[in-house]
Amino acid sequence: MNDMLNVALPKGRLGDKVYALFEKAGYGCDDIADPGRKLVFESPEHGVRYFYVKPSDVAIYVERGAADIGVAGKDILLEYAPEVYELLDFGVGRCQMCVCGRPDFRDDPSRTLRVATKFTKITRDYYAALGRSIDMIHLNGSIELAPILGLSDVIVDIVETGATLRENGLAVLAEVCGISARLIANKVSYKFKYEAVTALAARLQGRIEVSQ
Ligand code: PRP
């Protein structure tokens, strides 16, 4: 069974959308329709074995070879810079990494800027490129609270629909980068399962083009 491709999918809405593309590309797996408490789904006839993990963990499974390929958000790839190959852009799960704050916030370059975020590497890289010194405040969630309560001047966070910002009286102040779901591959698997991995990537690419 070692010649089967192990595929790490992100749990949740994004994973469901992406799995639909795998299915349309000819890599369906009957068990997934009725998952129950099962964690691993095999389709020997298509040579794939799927498992769902927390979205932020996909890159770890792929980097360490527990999965040959997987689907990870560009935010995770930029933040953790895993040693994996990025093979294609699914064009789904689109959102923006943005600097956000109160709409009337004006940066005073003579003061250190206080920035709250979950994404410390992306934030550090962004402000380093601007030559702006910052005081990094690492939070794990509900980042929007930070400027509201005066914990930070701004935040760097993901904006998808913009609803969280609107409902909390905040606004986008600058765009950092675009985010979407990417197909990633373990470097050793890419070499030793080259034909299976590239055939799957090519068929997925065909489906992505049809659905865009
Ligand atoms: C993310 C992100 C924003 C929100 C943006 O949070 O951190 O808070 O979604 O989406 P929107 O523009 O559609 O409102 P998530 O739901 O992952 O929870 P978190 O607060 O734990 O980060």
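**Burial and overall build**

I began with burial: 44% of the 212 residues in the chain are buried, where buried means under 20% relative accessible area with a 1.4 Å probe and protein chains only. I kept in mind that this is a predicted model, where local features need pLDDT of at least 70, side-chain atom pairs count only at pLDDT 80 or more, and totals for chains, interfaces and linings use all residues. I also noted that residues are numbered from 1 along each chain as its sequence is written, and that side-chain values use heavy atoms, with hydrogens and water left out.

I looked up the secondary structure next and found 8 helices and 11 strands; these are DSSP runs numbered from the N terminus, helices being H or I of at least four residues and strands E of at least two. Along the principal axes, the C-alpha atoms fill a box of roughly 60 × 35 × 30 Å. Taking the contacts (heavy atoms within 4.5 Å) with a separation of 6 or more, I see that 68% come from residues 24 or more positions apart.

**The core**

Which residues touch the most other members of the largest nonpolar core? I find L9, F22, Y50, F90, L183, L200 and L204, out of 28 residues. Such a core is a set of buried Ala, Val, Leu, Ile, Met, Phe, Trp, Tyr and Cys residues joined through side-chain atoms within 4.5 Å. At least two residues each come from β1 (5-10), α1, β3 (48-53), β4 (69-73), β11 (181-186) and α8, and α8 gives the most, with 5 residues.

I then picked out Y50. Beyond residues up to four places away in sequence, Y50 touches V7, L9, Y19, F22, Y27, C29, I32, L39, V40 and F41.

**α1 against α8**

Back to α8 (residues 194-211): its axis and that of α1 (residues 13-24) come within 9 Å and cross at roughly 110°. The axes are lines fitted to C-alpha atoms over the stretch in contact, with angles from 0 to 180 degrees between N-to-C directions. The two helices are therefore roughly perpendicular, a class that covers 65 to 115 degrees. On the α1 side I list L21, F22 and K24, which meet L200, L204, R207, I208 and S211 in α8.

**A look at E79**

Is E79 buried or exposed? E79 sits in helix α3 (residues 74-80) and counts as buried, because its relative accessibility is 8%. Leaving aside neighbours within four places in sequence, E79 contacts K118, F119, T120, K121 and I122. I also checked D125: it lies 46 residues from E79 in sequence and 9.7 Å away in space, C-alpha to C-alpha.

Notes: Angles under 35 degrees count as roughly parallel, over 145 as roughly antiparallel, 65 to 115 as roughly perpendicular and the rest as oblique. Buried means under 20% relative accessible area, exposed over 50%, partly exposed in between (1.4 Å probe, protein chains only).
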